[in-house]
Amino acid sequence: MVLIPARMSEAEEQRWVNVMLDKLAAQESRRALGDTELAERAERLSAQYFNGRARPHSVRWVTNQNTRWGSCTPSEGSIRLSHRLQGMPEYVVDYVLCHELAHLLVPGHGPGFWRLLEAYPKTERARGYLEGVVAAERLPHLPGAHNG
Ligand SMILES: [Zn+2]
């Protein structure tokens, strides 16, 4: 619900609503999942898409992983997600979780691996999103634009 102060003109009102909606959206995307929620999320995704067969022992965020979105150590059953995913759409985070969960079942990126990942319906969309992020980072910064 968005409360509007009394006695605003229609234009002022619209502007104010837009400002508030922007703020809400920003808060929403900044609200990062904690490690516990991340582990619960992984458990749900495993149940939903892999019949619960992927059972990680630990799922956590890491900040020392800048070239990979996620990684896993199947022998330990540990999954790590880059903190750079925080603030990205949920379906993207879920994709990276599914990807690492699938690696607990199938090592490498062979056809069997991708067949497994087809269970997650937004795989292609999420891969496109992440490719877009990487491509955008490689663009030359526009003169006069603030980056960060
Ligand atoms: Zn992989």
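Which residue lies over the face of Tyr91? In this predicted model, that residue is Arg125, which is placed at 4.2 Å from the ring centre.

The structure holds 3 aromatic pairs, and Tyr91 takes part in one of them, with Tyr129 as its partner. The centres of these two rings are 6.4 Å apart and their planes meet at 75°, so the arrangement of Tyr91 and Tyr129 is edge-to-face, the class given to planes over 60 degrees apart. Because Tyr91 belongs to helix 3 (residues 90-105) whereas Tyr129 belongs to helix 5 (residues 123-138), the pair ties together parts that are 38 residues apart in sequence. The two partners fall into separate accessibility classes: Tyr91 has a relative accessible area of 15% and is therefore buried, while Tyr129, with a relative accessible area of 31%, is partly exposed.

An aromatic pair is also formed by Phe113 and Trp114, whose rings lie 5.0 Å centre to centre with 80° between the planes, an arrangement that is likewise edge-to-face. Within this pair, Phe113 counts as buried, at 0% relative accessibility, whereas Trp114, at 24% relative accessibility, counts as partly exposed.

Technical notes:
Residues are numbered from 1 along each chain as its sequence is written. This is a predicted model: local features need pLDDT of at least 70, side-chain atom pairs count only at pLDDT 80 or more; totals for chains, interfaces and linings use all residues. Side-chain values use heavy atoms; hydrogens and water are left out. Rings of Phe, Tyr and Trp (its six-membered ring) pair if their centres lie within 6.5 Å; planes under 30 degrees apart count as stacked, over 60 as edge-to-face and the rest as tilted. Helices (H or I, at least four residues) and strands (E, at least two) are DSSP runs, numbered from the N terminus. Buried means under 20% relative accessible area, exposed over 50%, partly exposed in between (1.4 Å probe, protein chains only). A charge sits over a ring if NZ of Lys or CZ of Arg is within 6 Å of the ring centre and within 35 degrees of the ring normal.
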